[in-house]
Amino acid sequence: MIEFRDVSFVHQNGVRALDGVSLRVDAGEFVALVGENGAGKTTLVKHVTGLLKPASGSVLVDGVDTRAASTAQLSRKVGVAFQNPDHQLFSETVEEEMSFALRNFGFPPEVVRERVSWGLELFGLGEYRRSSPLILSGGEKKRLTLACILAWDPQVVMLDEPTVGQDAIQKEKLAGTILMLKSAGKTVVVVSHDIEFLWPIQPRVVVMKGGRVVGDGPATAIMQDRDLLASARVAQPQLVEFYQELHRRPGTPFVHPLDAARWAEEAMLP
Amino acid sequence: MADILRVEGLSFRYPDSPKSAVSDFELSIPEGEIVVLAGPSGCGKSTLLRAVNGLIPHMYGGEYSGDVLVAGSSVKSSNMRDLAQTVGFLFQNPENQIFMFSVERDVAFGLENLGVPREEMRARVDEALRLLRIGDLAQRAPHELSDGQKQRVALAGVLAMRPKLVILDEPTSLLDPKTASELVALVAKLRGELGTTFVVVEHRLDLLVEVADRLVVMDGGRKVLEGTPMDVLFDNEAEAHGVAIPAVAKVQRLLAEREAGKAAAAKLLTPSALALAVEGRLT
């Protein structure tokens, strides 16, 4: 669904943000991009939407080279919730904000109405329907941008730091939404520093550092690679560290690190 | 020690809003404490903070009752100019508060507005750059910096005003885990060196539990829990109020329940220390 072929990109100030990135994400995959600030994660996302075009190499989205496609064509396929929701909210009311893209994509009015109600309901924003998006809290704005994107049903959903400003309850709902999208066959790419959020939902993890991909694999494998994570300034999930420590002890039975807490609970003396 | 912040029975309702954003809120913070404010989104945290830095009632209309005292002065009868020198505010996204052409000019911006004499401005800017270890960035353009560096530039601008109270709104949310723990260590260091009081709004508690004196949880505009971080994390109600309990804290709580009779845990164990403690109790 998304393919980067040896992509490099240099910002105007001379910083090389992507340095020979090759990466393939198949349809229906759920991928997390992790790595230190400035590793190139957001630049990579902007290449998928066509906001940035590679200096060398090529980016294909659903088989189409982003240099040959307009941003409008790509945005029908790829929905992105950027890190700072203020950059993408501009309407007078929350309802208007959600309707905007749907109308632009030519959905009939009754479909627009239905989907707006569905999205506001799903993300607990119903009470703000006629309010200005500007009065929402940071976390609510992030949920609104996500609702706007899901409403037009793109094939690829990209979320840049979606957990910022979200409390534990909202994070759990967000995790549920991501898993729902995955089971609906969507391709989901999440950029996040929030390792504790990512761990239980087990994405494929792509680790970036200095504009390069330095690690790529299932969460279980990558999150146990202490040296790789440390080199990219990414923390290990607490429970993985806990699990690894316990398993240094000879004779400890094998459990999946996801089950470490439950296993410890059952194995502890009353 | 004197209270740097006292919130006395504060209630506030925005115009056109059916319910109060903050209700009957009481809080006292002694000078030099690090206090974490948590709670679900929409719980009234931002409204409370606006009532502390004076945006409420000076910039927002609405129904206001009770009082907020910062360093002994009532916010509603203080002017914004005086408040800006007592209360510093670091926004969630540093891009919202850095905008000059060089880091140095950015850090000096607040002081320039107050008309601080040139030599003193120089000294305060240098001090802030030194405290945050960004002296080498002084001539750089802020938009060229990394997020972690921008965050430190914004914080330097706040500290140059020498506020007694600094409010940080989710300061680690845009930072990678390593940079985030460096920022938390910096907060502890500044408290130690300058005696600054910090109120930190944060959902991610794993980092802050180490350095915070107190955790206050809000829900529905009210204060619902208050105590040492460990007391709150071990409170069964905390999760229902949207507090993210660090994964290790849950295991540690189970361990503490099995050790009934022993004093409650004083601090959050690191994952490896927890593994050792659990190992000692395995069948």
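Buried residues account for 47% of the 270 residues in chain A of this predicted model; buried here means that 20 or more other C-beta atoms, placed from the backbone, lie within 10 Å of a residue's own. For local features a pLDDT of at least 70 is needed and side-chain atom pairs count only at pLDDT 80 or more, while totals for chains, interfaces and linings use all residues. Residues are numbered from 1 along each chain as its sequence is written, and chains are lettered from A and ligands numbered from 1 in the order in which they are written.

Chain A holds 11 helices and 10 strands (DSSP runs: H or I of at least four residues for helices, E of at least two for strands, numbered from the N terminus).

Over in chain B, six strands make an open, mixed sheet in the order β6-β7-β8-β3-β9-β10, where pairing takes at least two DSSP bridges between two strands. The edges belong to β6 (87-90) and β10 (222-227) of chain B, each with a single partner strand, so one side of each lacks a neighbour in the sheet. Within chain B, β7 (residues 165-169) and β8 (residues 197-201) run parallel and share five bridges; one of the bridge pairs puts L165(B) with T197(B).

Key: A residue is buried if 20 or more other C-beta atoms lie within 10 Å of its own, exposed if 12 or fewer, and partly exposed in between; C-beta atoms are placed from the backbone.
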